[in-house]
Amino acid sequence: MPLETPLHARHRELGARLVDFGGWDMPLHYGSQIEEHHAVRRDAGMFDVSHMRAVDIAGERATEFLRQLLANDVARLSTPGKALYSCLLNDAGGVLDDLIVYHHDARNFRLVVNAGTADKDLAWIAARAAPFGVAVTARGDLAMVAVQGPNARQKTAALLPAADRDAALALPVFAGSALGTLDGRAFIARTGYTGEDGFEIMLPAEHVLDLWNRLLAAGIRPCGLGARDTLRLEAGMNLYGNDMSEASTPLESGLAWTVAFEPPREFIGRSALAAQRAAGVPRKLVGLLLEDKGVLRAHQPVLTAAGAGEITSGTYSPTLERSIALARVPAGAADPVEVDIRGKRLRARIVRPPFVRNGKALISL
Amino acid sequence: MSSNVPAELRYTKSHEWVRRNPDGSVTVGITDHAQHALGDIVFAEAPDAGRAVAAGEACAVVESVKAASDVYSPLAGEVAGANAALGETPELINTDPYGAGWLFTLKAVDAAAVDALLDAAAYDAFLEETAE
């Protein structure tokens with residue numbers, strides 16, 4: 001039986017087409033994936049992301065523990081509420097998952113991990129937490145809604161009590177805080193996975209239907225995982241399992257910026273990454289823009305003078321009206337490149353992601 | 001969910017439709033049910049004119065935002081032409097699947113083979129059967 005979020009019945013009522021995603025029965029779209037995509041780029045859309053798992057890390061040595069667990073350095077989170085994107089690595093430097101860590105205070109953090117990897121992550125984290133005496137608590141009691149788009153913050157904040165409204169609108173980019181409403185059990189953050197401004201809201205599952213309905217009444221369009229995928233790909237954001245996995249390191253995944261070698265600290269996977277860096281990183285993740293007509297898709301071969309690579313995520317970009325992709329290619333790969341689509345070689349160009357941010361194309365077509 | 005199934009057309013279980021033309025050729029497209037299931041269509045690739053196709057042969061591709069889907073030739077024949085308008089406006093398949101969203105035409109087809117395809121009532125019944 002696939003898992004269902006607390007909004008599952010509501011999605012059905014709203015006409016969602018449901019698909020399996022990481023073991024969860026989730027909305028793919030509610031009619032038109034492209035219209036949902038445009039709603040987020042131009043106005044405001046919302047996503048049920050309750051399948052993602054919040055994991056609370058608490059204890060005297062929580063900071064010390066996370067500095068060892070994660071490739072990015074939580075010591076960079078100097079102010080309460082700030083969030084950080086990081087990979088969770090294995091000893092070989094392979095990516096177990098990517099996650100967001102929210103900093104409450106030096107003893108309390110919250111991780112948000114992917115649905116499909118949550119059980120694996122929890123086992124990995126719990127096994128390494130014991131020596132630090134920190135508590136690891138999976139928050140299956142929480143639901144999560146992402147509201148994204150240029151008008152998302154204003155439309156969402158208008159629904160909050162006055163004190164919460166001001167606090168929410170004052171949040172800097174990539175920061176969050178507890179809300180006063182619901183006895184402080186709700187949390188709002190200015191984060192997302194679309195390349196647009198917006199909020200992600202975590203709250204007790206029994207309250208999420210009310211929140212969803214109020215957001216809907218405020219004119220925020222329900223959006224499915226289909227639009228979420230085209231939005232994140234336009235924004236140049238990796239999808240775990242597609243663009244990186246245990247078989248690739250962050251250095252081969254366009255994520256070197258998330259690995260904090262300095263200040264010196266021992267973190268899981270460090271020695272493997274340091275060795276790879278010293279030897280020369282053999283592969284890189286690049287953006288591709290298809291010059292010919294067609295649609296780039298995951299696993300299509302990419303042919304370059306430096307050798308072959310593979311598309312890791314590809315789609316039609318509704319904003320650019322062209323096909324775009326992320327591809328893992330040999331480190332020396334450069335234009336011109338070709339992509340083999342059903343036996344035909346089509347021309348593509350290497351571009352630097354993101355393709356689109358805040359509604360604007362960032363690459364020349 | 002009810003789909004539009006025009007009475008004058010013939011159908012396949014892989015959701016193509018066939019229209020008989022006065023000159024003996026046939027026009028092929030995908031059904032309203034198929035376009036709805038695929039979602040927003042962003043690319044279509046039809047076979048080249050002159051290509052000989054077998055019944056059931058994958059000969060065209062329709063890509064929605066989420067995936068590429070093969071289109072199978074309902075009949076044996078020779079490709080007479082393809083819908084050039086789909087190059088710039090593939091969404092015609094969504095908005096007018098039985099009209100401006102046609103995919104290709106076939107000539108040298110066996111009239112009896114056309115008759116042997118599903119009629120509208122049979123295709124409708126097939127959709128009912130296979131509905132979730």
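Predicted model: local features only at pLDDT ≥ 70, side-chain atom pairs only at ≥ 80, totals over all residues.
Local features are reported at pLDDT of at least 70 and side-chain atom pairs only at pLDDT 80 or more, while totals for chains, interfaces and linings use all residues. Residues are numbered from 1 along each chain as its sequence is written, and chains are lettered from A in the order in which they are written.

Where two residues count as in contact if their C-beta atoms, placed from the backbone, lie within 7 Å, 13 residues of chain A are in contact with 10 residues of chain B. At least two residues of this side of chain A come from each of α2 (33–42), α8 (225–234) and β16 (307–317), with helices (H or I, at least four residues) and strands (E, at least two) taken as DSSP runs numbered from the N terminus.

A nonpolar core is a set of buried Ala, Val, Leu, Ile, Met, Phe, Trp, Tyr and Cys residues joined through C-beta atoms within 7 Å, buried meaning that 20 or more other C-beta atoms lie within 10 Å of a residue's own. The largest such core has 75 residues, and Val147(A) is among those with the most contacts inside it. Leaving aside residues up to four places away in sequence, Val147(A) touches residues including Met46(A), Phe199(A) and Ile220(A). A second, separate core of 57 residues includes Ala333(A) as well as Val62(B), Ala82(B) and Leu106(B).

In chain B, six strands form an open sheet in the order β1-β2-β3-β9-β8-β5, with antiparallel pairing, where pairing requires that DSSP finds at least two bridges between two strands. Its edge strands are β1 (10–11) and β5 (52–53). Two bridges join β5(B) to the antiparallel β8 (residues 77–82) of chain B, and Val53(B) has Gly77(B) as its bridge partner there.

Conventions. Buried ≥ 20, exposed ≤ 12 C-beta atoms within 10 Å, placed from the backbone.
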